[in-house]
Amino acid sequence: MQIDINQASSYYRQMLLIRRFEEKCMELYSHELIRGFLHLYIGEEAIAVGVMDAAGAEDAVIATYREHGHALARGIPAKAVMAELLGKAEGCSRGRGGSMHIFDAKRRFYGGLAIVAGGLPLAVGMALADRMMKRDRVTICFFGEGAVAEGEFHESLNLAALWRLPILFVCENNGYAMGTALERSESEQNIAKKASAYNISASQVDGMDVFAVAASAKEAIAQIKENSAPVFIECLTYRFRAHSMFDAELYRDKAEVEKWKQKDPLTLLKNQLETAASGSQLDEDALEKEVASVIGEAVAFAKNGTLEEVADLEKFVYSEEVQQ
Amino acid sequence: MSGTITYREAVRAAIQEAMQNDERVFLMGEDVGRYGGSYAVSKGLLEQFGGERIIDTPLSESGFTGAGIGAALNGMRPIVEIMTVNFSLLALDQIVNTAATMRYMSGGQFNVPLVIRMATGGGNQLGSQHSHSMEGWYAHVPGLKILTPATVQDAYDMLHLALKDPDPVLIFEHALLYNSKGELDKQAVPIAIGKASVHRQGKDISIITYGISLFKSLEAAEILSKEGIEAEVIDLRSLRPLDDETIMASVSKTHRVLIVDEGWKSGSVSAEIMARINEQAFYELDAPMQRVCSIEVPFPYARHLEQAALPQVDKIVTAAQKLMEEL
Ligand SMILES: Cc1ncc(C[n+]2csc(CCOP(=O)(O)OP(=O)(O)O)c2C)c(N)n1
C-alpha cells in the first residue's frame with residue numbers, strides 16, 4: 001500500500017485531536033464542569049475523520065449525540081465545541097445545546113441530534129431539497145447500529161432509494177446500543193445487507209482503518225453523484241469507553257474491550273505507515289504538542305467564556321419572539 | 001375580487017397561488033397527487049405542477065414529515081399534508097423533537113419554515129381512530145405555531161401566513177368544514193397569526209371558541225339573543241400563540257365566560273384559557289367560568305352516540321343560560 005505521509009499525518013493529527021479532546025471531556029466531567037449526558041467517540045475516530053475527508057464544504061452533515069468527533073473533523077473549532085460543553089454563550093449553540101446538540105450553520109453541520117434515528121428523515125428532506133433545486137450536493141448522515149431497529153431508519157432508506165436522493169448513510173456499528181448487543185436486537189446482523197434490501201448500494205468497511213473509510217466514502221460520494229442514488233456504508237467499529245458517563249459496563253467483557261483496543265485506529269495508522277516502509281515517519285511528539293495546545297486553548301476559552309443572560313432564556317424559541 | 005367558494009377550494013387556491021409565486025413551495029403527503037388528496041384538497045394540482053412538486057409519499061408519516069423539516073432547513077418551503085391528526089401521532093417525534101426544537105437548540109442558527117396541514121375533528125362517524133381533536137396537544141409545545149381556520153377566508157389566508165412564517169406552523173382543518181361555503185376576498189389584509197377575531201359583539205357573556213365550534217357558538221348566540229342574552233363570540237384562530245389581549249378585553253366587558261372546544265376537557269385548550277383568565281382577569285368575573293367540550297370517550301361510531309359526544313348548539317345554549325343565572 002502506498003501511503004502519502006502528509007495525508008497520514010493529517011489523519012493522525014485529526015484523530016489524535018478527537019482522542020485527546022474526549023479524554024479532556026472525561027476529566028472535565030469528573031470536575032463537574034461538563035454535566036448532563038456525555039458520549040465519547042474514543043475508538044471510533046477513524047470514521048468521522050475518513051468520511052469528512054471525502055465531504056465537500058457544500059455537503060451537509062447530520063450526526064448523533066456522539067458527535068464531538070464529527071464536529072471537530074468537520075472543522076468546527078475545538079473552542080466553540082468546548083465552550084458549548086461548558087454551557088457558555090460562546091459555545092456553538094450558545095449554551096442551549098450541550099454535548100448532544102452541536103450545530104454550525106457555516107459548516108453545514110445540522111446536529112447533534114439525540115433521538116436515535118431521528119436524523120435520517122431530515123437527511124431525506126435535505127437531499128430532496130438539493131435535488132429539487134438542482135444543487136450538486138450530498139447529505140451525509142451518521143447514526144449508530146441501534147438506529148437500525150427504529151421505524152425511521154426503514155422509512156428513510158425506502159424514501160431515499162425510491163426518490164434516488166443524494167445521501168451517504170454512514171452506519172457506525174460499534175456492536176452495542178447502550179447495553180444491548182447487536183445480536184440481541186437484530187434478526188439480521190449484517191446491516192449493509194438490510195440496506196441492500198432497499199435497493200441501496202451498500203458495503204461493510206473496517207471502521208478502524210481511516211484510509212479504508214476515506215476511500216470507501218470518496219468512492220461512495222462519486223457514485224452518489226454519478227448515479228443520483230444513495231449509498232450506504234456500514235463501518236465496523238467499537239467504542240472503547242462506556243456508552244455515557246452513567247454506564248457501569250455490565251454487559252461486556254473486559255477481554256472483549258482489550259481485544260478491540262488492539263485495533264486502535266491511531267495505532268493501526270502508525271503500523272500501516274511502518275509496513276508501507278515509505279521511509280517517512282510521523283512526528284508523534286510534535287503532533288501531541290500541537291493537539292495539546294489546541295485543547296489547552298479550547299479549555300481556557302471555554303472557562304473564560306460568559307454565561308448567557310437568563311433574560312435571554314426564551315430567545316430562539318421563535319424567529320421573531322412571539323407573545324405567549 | 002371576492003366570491004363564494006368552499007373551504008376546500010380556498011385551501012387549494014392558496015396552495016396553488018403559493019406554488020405559482022414561489023418555486024420553493026411544494027406539497028408532499030400520502031395520496032396528495034394521483035388520488036387528489038384524501039379530502040380532495042389537492043385535486044388537479046398534480047396535473048398543473050407535476051410529480052416533482054406534488055409528491056405522493058409512501059405510508060411513512062415520520063419519514064416524510066421529517067423530510068419536510070429537512071427540506072425546510074435546506075431552503076425550501078414545504079407543505080406537508082398528513083391525512084388526519086390521528087396519523088400525525090406517528091410523526092410526533094419529528095414534529096415535537098425536531099421541528100419545534102431546531103432553532104432553539106442550535107442557538108438560533110437553524111430555523112424550520114415548514115407548514116404541516118392536517119384534518120381534525122369528529123362528526124363523520126369515523127370512530128375512535130379518525131375523529132379526535134388533538135390540536136390542543138400540539139399547542140402545548142413551544143417552537144410550534146398552531147392555527148385552526150374556521151372560515152373560508154382564514155382557510156385561504158392562514159396558508160399564506162404560514163408559508164411566510166420562518167418557523168414550523170401546523171394548520172388544523174376540521175374535516176366537516178371542507179364543504180362549507182363562504183366569502184373569500186383575496187385582496188383583504190389577513191389577520192396576523194396569534195390574533196383572535198370577534199365574530200359577534202355582545203355585552204352579557206363571552207363565548208370563546210375555535211374551528212367548527214365557532215359556527216355552533218354563533219348559532220347558539222342567535223338563540224340566546226332572542227332570550228335577551230347578548231353573547232360575544234370569539235374565534236381564537238390560533239391556539240399557539242393565544243391572543244390573551246382579545247380574551248381579557250372581552251372578559252372585562254362581559255364578565256362571564258363560556259369556552260367551547262371540541263377537544264376533551266382534561267388538559268385541553270379550554271383548560272388553558274380558564275387558567276389564563278384566572279391569572280389575568282379573575283376579578284373581572286361575575287360567575288365561575290364554564291365549558292362545553294367533547295365527552296371524554298374514544299369517539300363512537302353510531303351517529304346518535306357520536307353526536308352526543310360532541311359539543312352541540314343546545315349544550316352551548318344551556319350552559320350559557322346557566323351561567324347567566326349566576327348572580
Ligand atoms: C428514540 C430513542 N430511544 C432511546 C434513546 C436512548 N438511547 C440513547 S443512545 C442509545 C443507544 C443507541 O445506540 P447506537 O445507535 O448503536 O449508537 P451508539 O450510542 O452506540 O453510538 C439509546 C437507546 C434515544 N436517545 N432515542
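This talk goes through the aromatic pairs, the interface between chain B and chain A, and a few backbone exceptions.

First, the conventions. The model is predicted, so to speak of a local feature we need pLDDT of at least 70, side-chain atom pairs count only at pLDDT 80 or more, and totals for chains, interfaces and linings use all residues. Residues are numbered from 1 along each chain as its sequence is written, chains are lettered from A and ligands numbered from 1 in the order in which they are written, and side-chain values use heavy atoms, with hydrogens and water left out.

Let me start with the rings. Over all chains there are 16 aromatic pairs. By the rule, rings of Phe, Tyr and Trp (its six-membered ring) pair if their centres lie within 6.5 Å; planes under 30 degrees apart are stacked, over 60 edge-to-face, and the rest tilted. One of the pairs is A:Y11 with A:F211, edge-to-face, at 5.3 Å centre to centre and 75° between the planes. A:Y11 is in helix α1 (residues 5–30) of chain A and A:F211 in helix α8 (residues 210–227) of chain A, so this pair ties together parts 200 residues apart in sequence. Helices here are DSSP runs (H or I, at least four residues), as are strands (E, at least two), numbered from the N terminus. A:Y11 counts as buried, at 2% relative accessibility, and A:F211 also counts as buried, at 17%. Buried means under 20% relative accessible area, exposed over 50%, and partly exposed in between, with a 1.4 Å probe and protein chains only.

Chain B has B:Y7 and B:Y178, with ring centres 5.8 Å apart and planes at 75°, so that pair is edge-to-face. B:Y7 sits in helix α1 (residues 7–21) of chain B and B:Y178 in the loop between β7 (169–174) and β8 (181–185) of chain B, so the pair links parts 171 residues apart in sequence. Both B:Y7 and B:Y178 are buried. Back in chain A, one aromatic cluster is made of A:F143, A:F153, A:F169 and A:F232.

Now the interface. In contact are 48 residues of chain B and 45 residues of chain A, where contact means heavy atoms within 4.5 Å. The buried area is about 3700 Å², with 62% of it from carbon and sulfur atoms; that area is the accessible area (1.4 Å probe) that two parts lose on being put together, summed over both. B:N74, B:Y104 and B:M105 supply 20% of what chain B buries against chain A, more than any other three residues.

How many salt bridges does the rule find across this interface? It finds one, taking a side-chain nitrogen of Lys or Arg within 4 Å of a carboxyl oxygen of Asp or Glu. The partners are B:E52 and A:R131, at 3.5 Å, N to O.

Last, the backbone. Most residues other than glycine have a negative phi, and most peptide bonds are trans. The bond joining A:G111 and A:G112 is cis, with omega about 15°, and A:G112 is in strand β2 (residues 109–112) of chain A. The bond from B:R240 to B:P241 is also cis, omega near 0°; B:P241 is in the loop between β12 (238–240) and α10 (244–254) of chain B.

A:E32, not a glycine, has a positive phi of about 65°, and at 52% relative accessibility it counts as exposed. A:N199 has a positive phi of about 65° as well, and is not a glycine; its place is the loop between α7 (191–196) and β7 (201–206) of chain A. At 74% relative accessibility, A:N199 counts as exposed.
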